[in-house]
Amino acid sequence: MALTSARMRAVNAVFETGSFAAAARHIGVSQSAIAQLVRELEAEFDVALFERHGASLIPTALCRQLYGATSKIQAVEADALSILQQRGEPAGGELRVGLGNSMPGMALIAAFKRLYPKVQIAIEIGSWSAIVAAVVEQRVDIGVLPEVPADTRFRREICLQQRVVALCHPGHPLQRRKQVAIAELAHYPLVFRSRDSSTQRTVDRAFREKGLRPAPSLIVNTREGMLEAVANQLGIGFMWEQGSSRRDGIARIPVPELDAEVPECIFALAGKKGRLVELFFLARGTPDIA
């Protein structure tokens, strides 16, 4: 009995597409070949992987369990193939990267540069909407952002999970607190980001859910501006907890209403090709942001 790579790919393609015909188009082989591979596997192991409902194939519970295991194997195979296709270190070239947060993007770039020091990196830093637009308009090859849209235009891979925290000056009354409720924050001067910021959208949503609409004492359009405002005691600010490697005594305080972790993703246009783009995705790992 053998679960060959060809059989595994056939079953997974049918699982993902819902029919032999669609799976055949997805893999690039004939429909009869897909059907034969699936039926051979079912017969050899005396199992049912799909229930037939007209033109649709519904995965059985066993099939769903099998897919959960074999899809991981396929991902490993894809990574291994990309490594084999590298043919050594790139001699040069330029990769354009758009960052919504300086971190973890800079840590990802540092990891890439350690592997490929001859590649030149051009960095654009901007708001969430500016970086999405830069990727769509191909001003950058790759973006790194939280809450990348679940959009078929994008290929995306999670590099870490993080949450929004409150920022307090070392002399602020709340700076030693282990956590602070969002309703309590509304009683202090606040520093907000502009509306096209993913941080600000998250903060606004949390205040709205508590029926609060606080007026900020200051609005800034950059992360560095936020940090400088807090450092100069202009109010409590907000930032993704790993949005900066800066360590200058500013306290980062968890807020229960902002505690849901959000994925930070590397993303590019789904059809974006190029060796450097592929190498950046492969080099992602989990950055060291300590």
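**Loops, cores and helix packing in a predicted model**

Glu 147 sits in the loop that joins E5 and E6, where helices (H or I, at least four residues) and strands (E, at least two) are DSSP runs numbered from the N terminus. The structure is a predicted model, in which local features need pLDDT of at least 70 and side-chain atom pairs count only at pLDDT 80 or more, while totals for chains, interfaces and linings use all residues. Residues are numbered from 1 along each chain as its sequence is written, and side-chain values use heavy atoms, with hydrogens and water left out.

Although Glu 147 is not a glycine, its phi is positive, at about 55°. With a relative accessible area of 26%, Glu 147 is partly exposed; on this scale buried means under 20% relative accessible area and exposed over 50%, with partly exposed in between (1.4 Å probe, protein chains only). Asp 46, in the loop between H3 and E1, is a residue other than glycine with a positive phi, near 55°. Asp 46 counts as exposed, at 70% relative accessibility.

Next comes the sheet. Its 5 strands form an open, mixed arrangement in the order E4-E3-E5-E12-E6, two strands being paired if DSSP finds at least two bridges between them. Strand E4 (120-125) and E6 stand at the edges with a single partner strand each, so one side of each has no neighbour in the sheet. From one strand to the next, the twist averages 20°. E3 and E4 pair in the parallel sense over 6 bridges, and Leu 99 stands opposite Ile 125 in E4. H10 lies across E3, E5, E6 and E12 and runs at about 50° to E3; axes are lines fitted to C-alpha atoms, for helices over the stretch in contact, and angles run from 0 to 180 degrees between N-to-C directions.

The largest nonpolar core has 21 residues, and Leu 95, Val 97, Phe 112, Ile 266 and Phe 280 have the most contacts inside it. Such a core is a set of buried Ala, Val, Leu, Ile, Met, Phe, Trp, Tyr and Cys residues joined through side-chain atoms within 4.5 Å. Elements giving two or more residues to this core include strand E3 (94-99), helix H5 (102-115) and helix H10 (275-282). H10 provides the largest share, 5 residues. Not counting residues up to four places away in sequence, Leu 95 touches residues including Phe 112, Ile 121, Leu 276 and Phe 280, contact meaning heavy atoms within 4.5 Å. A second, separate core of 20 residues includes Cys 168, Ile 182, Leu 185 and Val 203.

Helix H2 (residues 20-27) has Phe 20, Ala 22, Ala 23 and Ala 24 as its buried residues, and their cover includes H1, H3, strand E1 (50-53) and strand E2 (56-59).

Cys 63, found in helix H4 (residues 61-84), counts as buried at 1% relative accessibility. Leaving aside neighbours within four places in sequence, Cys 63 is in contact with Val 11, Phe 15, Leu 49 and Phe 50.
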